[in-house]
Amino acid sequence: MTQDLSKQSNRLQDGGRIDRSKPLTFTYNGKQYKGFEGDTLASALLANGVDIVGRSFKYSRPRGIVAAGAEEPNAIMQVGSTEATQIPNVRATQQSLYNGLVASTTNGWPNVDTDLMSWVGKVGGKMMPPGFYYKTFMYPKSMWETYESYIRKAAGLGRAPKESDPDIYDKMNQHCDVMIVGAGPAGLMAGLTAARAGARVIIADEQNEFGGSLLSSTETLNSKPAAEWIAEVVEELSGFDDVLMLPNSQVNGYHDHNFLTIQQHCTDQFADRAPNGQIAQRLHRVRAKWVILATGAHERPLVYGNNDLPGCMVANAVSTYLNRYGVAPGKDLVLMTSNDNAYRTALDWHDAGRNVVAIVDSRKNPQGTFVEAARERGISILVGSGVIEAHGSKRVSSVSIAPLNETGDVIVGSVVKMAADTLATSGGWSPVIHLSCHTGARPVWNDDILGFTPGATAQKQLTAGAINGTFSTVQVLEEGLSAACDALAHLGLDKPDAALPEADDIEEGKAMALFHIPHTKPTSKAPKQFVDYQNDVTAAGIELACREGFESIEHVKRYTAMGFGTDQGKLGNINGMAIAAKMLKQTIPETGTTIFRPNYTPVTFGAIAGRDCGELFDPKRYTAMHAWHVEHGAKFEDVGQWKRAWYYPQSNESMQDALNRECLATRESVGILDASTLGKIDIQGKDAREFLGRVYSNAWAKLPVGKCRYGLMCGEDGMVFDDGVTSCLAENHFLMTTTTGGAAHVLSWLEIYHQTEWPELEVYFTSVTDHWSTMTISGPNSRKLLEKLTDYDVSKESMAFMDWKPMTVAGVPARVFRISFTGELSFEINVQANYGLHVWKELFEKGAEFNLTPYGTETMHILRAEKGFIIAGQDTDGSVHPFDLGMSWAVAMKKPFSFIGKRGMQREDCVRADRKQLVGLKTIDPNVVLPEGAQGVLDPKAPIPVPMVGHVTSSYWSANLKRSVAMGFVKGGLDKMGEKIFYPLADGRVIEAEICSAVFLDPKGERQNV
Amino acid sequence: MFHIYCPHCCEYREEEEFHASGQAHISRPLDPDACTDKEWGEFMYFRANPRGIHHELWVHGAGCRKYFNITRHTQTYEILEVYKVGEKPSIVANEAK
Amino acid sequence: MSDVTSDVTVVARDTKLVTKQLPAADIMGESPLHHADLASIAEHGPKEGGVHFHERKLMGLLTLRCLPSLEQQEMIKSLLGVALPMQPLTSVTTNESSMGNVSVRWVSPDEWLIIVEADKACGIESHFHDKLMGHFSLVNISGGTTIFDVSGDDVVEMLKKSTPVDLHASEFPVGKVVSTVFAKSGAMICRLADDKFELVVRRSFADYLWLWIQDASREYGLVVKA
């Protein structure tokens, strides 16, 4: 066994839960150090005598480790040995040490030991009083960007990696009967009880092992070290199938209806990169029938001058480092306390063989088990006194102590100075009520414990242990047991046998309400007395805020930044409120508290994103012919989640070349489009026809079987939101098509009207979008091509425009619709999707002689624009009704039922004469293509602001017409045929166009009637 | 994240299966053509925003695709009742002021 | 594989249309995961792992919409050889029907999914339209749907990454069926055995869900079954 303690100057020879046989090497700020398995990064740094772990946010003062858990405000690290594995904002107190760990301070600029910024602090910090954001940096506004980068650097919130994280973060949905937050004595007792009763239990704890406060205490349970009881409970719990134990797991959010989010560190606690295939972090999304909060309490430090010097720590943290990690973070200790409990720290320090200079107790006559124990050890106790100031430059070297009055707010004697390198303080314990606040419960002040406890809640929530202000182990265990029994009763489960372990009998005297130690100078002149270390909020700052008229604690918080950001007021909030209350001459409950938001500690973006990244970021939907498109070099366009073929460039073709070729081939011979993505809805029932009449603006009563019809769908406001062709398959049976992007919305639209407005109509809707593969062959040779693949008569006589017929195409039963979105003779072939690719390939087999050309969505857009056909969502934007589109032919105002949209499109505003109307736009220079979105003006020389009369919605180069074609809105445009309109562009050009019919090609429709 | 009892599936499901569809009990006027512009505007656009008890229309979109009503407390987010379309809520806000 | 009748139009009654949808057996259908070549993966890929995956492809699937009266229930039972599961979230399976293996999954109070062999779907459609009176709709969705059978020791863990539904045996016994969210898409999930689930998914999402399942199974090991 090699014990390399040589450089770990503060490491004790024995004791603690670390494994001295397993040394670990880590790098901190570029230097190598040693620690042991079981250490946190914080305990290892302290073992190595590293005092300064950061520079403060505003004043750039040196800061050391003050706590041992989630409440640590200073030791916030950037962890990661490679660029890709950087994690910012890691608390050193929560990071398990592993071999090869690389950490650096995040708020040192440029380095923590000698900080160029510290002149700000030395000038007395007057440059950055509270409210400095508002007062200084807002003016002049133009300087904000300069200030921002300066503040960002100074604030040191770490940095995101520049390379993508190689690790896997995922999410898991969990359900349980009882969710226990915290595996200290209360949580373990509750968990054991619930598990024995057969409940489904999840128990989570932020630390790497269960046990909570017991891990760092010297007390016994059942006359054995508490650690043995913990081991027994953990072993029993792990035997239950329905118990999920989550160490290294922070319950970060408690949301409505007992939904909790837990960030589990799976491997990132132990390795820079997750071993192959393993998950680095997992976000558990838990739905719990009952929640037991056993989150414990954080010890409050006291507020005194220079209380941020390294060496100033929270009392219990000192005990934790001693007892759990075998680290004495100094040599000569002064303990300042307002209660008995903290005496344990002096006892532990003494028992570790170190020197306790004095216990400074603000109370006149302390008594109790721990006080007596201190006296027995001969430790000097200064009663009725407080430490008013710490001295030192980079570490505490001495402290000033003064006698205080009964209430602790006036110095009543002379100041003495004592040498010490460590100053531990305790102002009592603040229950960790953060999670209970997340669901909106207001905390309640409890005078007995001088802290806030969880308020009334609408959640199925129970609490146990120190969160309730219950601090004695005996009572904490009892509360764990009884909370579990309450939960079990609610769940209808029987109570199991559960004996409470026997705990030490401890008597504690009454604590004193003490938060802010007075100084010989007024607060504003005294050395800085920090309340919130992380945000550099001082007692003087809070007093200033109160003097400046901020009376609500919420305003004081925002003005001073107390409890902001990642800190969430874990250490400082109560002290800050007490100081504000005193200034405002109120009690703390009268002053109120701010409440806490999720998340309790910072969560990595990896955990939030989970697997919804990279290829899995969003579903990609494919048609049955997708592989063919890929094989034939298609470029794809996203339409909703669909990947649609956009165009098919050949060899070195530019996009425009490909489009020209596709357009010409289609109009000259035959082209083919994969239209499978169009929404398709099967509609059946005797009232199907009536229903169609209500949801479409046009008439459906007389559409015969075998026929198709185009329809416009409007909202109740009369505005068009979708369109498509619906075919009558049989008297009570229709097939509706929708736009690709509108399919889901249209189906819900039909359902909501059927379910909530017209349930008496006998009709059912079923999506068949995915069931049918749809391929449209279009062009003068499309019939000849189809004839090669079917025996059915598809002549003009047998199958007229807007007819549909069942037939067999390429051996596959098909439904073929003679409808056209190009203005050419077209057939839309629908086959069961498992045969889509087969039929598609057969079409190419037989289509070679006609130069069958695949075309994508872009050519489809051009071909339809040549014909003036609209695309809902491109030529409509939710503010245009059918008349605006010049589509009065698609509105049947005389239908007996007042169809959806009818009333809306007759509102006063909808019948104005100068509404924007969709028209064709013919550029005077045929070679110029208008940019879509360009705004038109009638007089380009008019003074600014020039009245804008409407924008271009669709605009393309038409290879068929050898000129540009465009559509757009123009105010009163349908009455302005032949008039000029101008499009001034950002680059200074003004494009002149003539307002015309949107039908550029074949206005009589002769091409499709063949 | 709400936990919502679907009255059609007869069990609680996660909120992500559902979709809120606005205020409940907004009936389409039976004779829209007889409505004034103001009446039609009120039907279309004006909705309650109460502090306290509110009735909402939801749909179990990823589940049974059925619409149903929820009575929800807008401060505590408690769902006090769910009931099917066409049914009346048994819990309503106290209108007395 | 072929439909029961040879003509394209099976039922051209005046109210509803039923058309034959499958070609002659020499034309092979391609399932939504055809491109993934699962057969090769099954042959050459890992043989051991915590999650097993099998595409039960090219089945016959039909959506029945109906609020069935007792008479309709009786008729449906005689047509399918098994009674409609009327209890929410339940399903039935029989192999004693004249239609071969028939599974019926409850979807909503007026919707069921019927799963049969591919060549039975069209016959069921025509029988329903011939024999079942009253209001209903029956739609063949075979081409738009595929079935993933997932099983294995870690199948529940994999599913917990994918769906928010509680899969614990006490809440989700064998035979239970739910329609729910699956990753960022949806699926109908039915428990076929303690460690075996059926996922009915839409064709266009099949590739995404296949990628998702591969990813979610990585830590347990994925075995593809032919």
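Which residues of chain A does UniProt list for "domain: Aminomethyltransferase C-terminal"?

Guide: UniProt lists residues 916–1002 of chain A for that domain, in an unreviewed entry. UniProt positions follow the numbering used here, with feature names shortened, and such annotations may be inferred rather than shown by experiment. Before going on: this is a predicted model, where local features need pLDDT of at least 70 and side-chain atom pairs count only at pLDDT 80 or more, while totals for chains, interfaces and linings use all residues. Residues are numbered from 1 along each chain as its sequence is written, and chains are lettered from A and ligands numbered from 1 in the order in which they are written.

Back to your part. Residues 916–1002 of chain A are 0% helix and 46% strand, with the end C-alpha atoms 25 Å apart. (Helices are DSSP runs of H or I, at least four residues, and strands are runs of E, at least two, numbered from the N terminus.)

Now set that beside two other annotated stretches. The unreviewed entry's "domain: GCVT N-terminal" covers residues 625–895 of chain A; that span is 26% helix and 28% strand, and its end C-alpha atoms lie 41 Å apart. UniProt also lists "domain: SoxA A3", again from an unreviewed entry, at residues 527–611 of chain A. There the chain is 44% helix and 6% strand, and the ends sit 50 Å apart, C-alpha to C-alpha.

Let's stay with chain A for some packing. Helices α18 (residues 655–668) and α23 (residues 857–866) of chain A have axes that come within 9 Å and cross at roughly 55°. Axes here are lines fitted to C-alpha atoms, for helices over the stretch in contact, with angles from 0 to 180 degrees between N-to-C directions. That makes α18(A) and α23(A) oblique to each other, the label for whatever is not under 35 degrees (roughly parallel), over 145 (roughly antiparallel) or 65 to 115 (roughly perpendicular). On the α18(A) side the meeting residues are A:L659, A:E662, A:C663 and A:T666, and on the α23(A) side A:E858, A:T859, A:I862 and A:L863. Contact means C-beta atoms, placed from the backbone, within 7 Å.

Helix α19 (residues 688–695) of chain A is largely enclosed by the rest of the structure, because 6 of its 8 residues are buried. Buried means 20 or more other C-beta atoms within 10 Å of a residue's own, exposed means 12 or fewer, and partly exposed is in between, with C-beta atoms placed from the backbone. Among the buried ones are A:F691, A:L692 and A:V695. Their cover includes β34, β35 (708–714), β36, β37 (733–738) and α20 (743–757) of chain A.

Chain A also meets a neighbour: 50 of its residues are in contact with 49 residues of chain C. The largest share of chain A's side, 6 residues, comes from β8(A).

The largest nonpolar core has 190 residues, and A:V809, A:V839, C:I114, C:L199 and C:L209 have the most contacts inside it. Helix α5 (residues 206–217) of chain C gives the largest share of this core, 7 residues. A second, separate core of 105 residues includes A:L382, A:A424, A:L544 and A:A561. A core is a set of buried Ala, Val, Leu, Ile, Met, Phe, Trp, Tyr and Cys residues joined through C-beta atoms within 7 Å.

How values were computed: Two residues are in contact if their C-beta atoms, placed from the backbone, lie within 7 Å.
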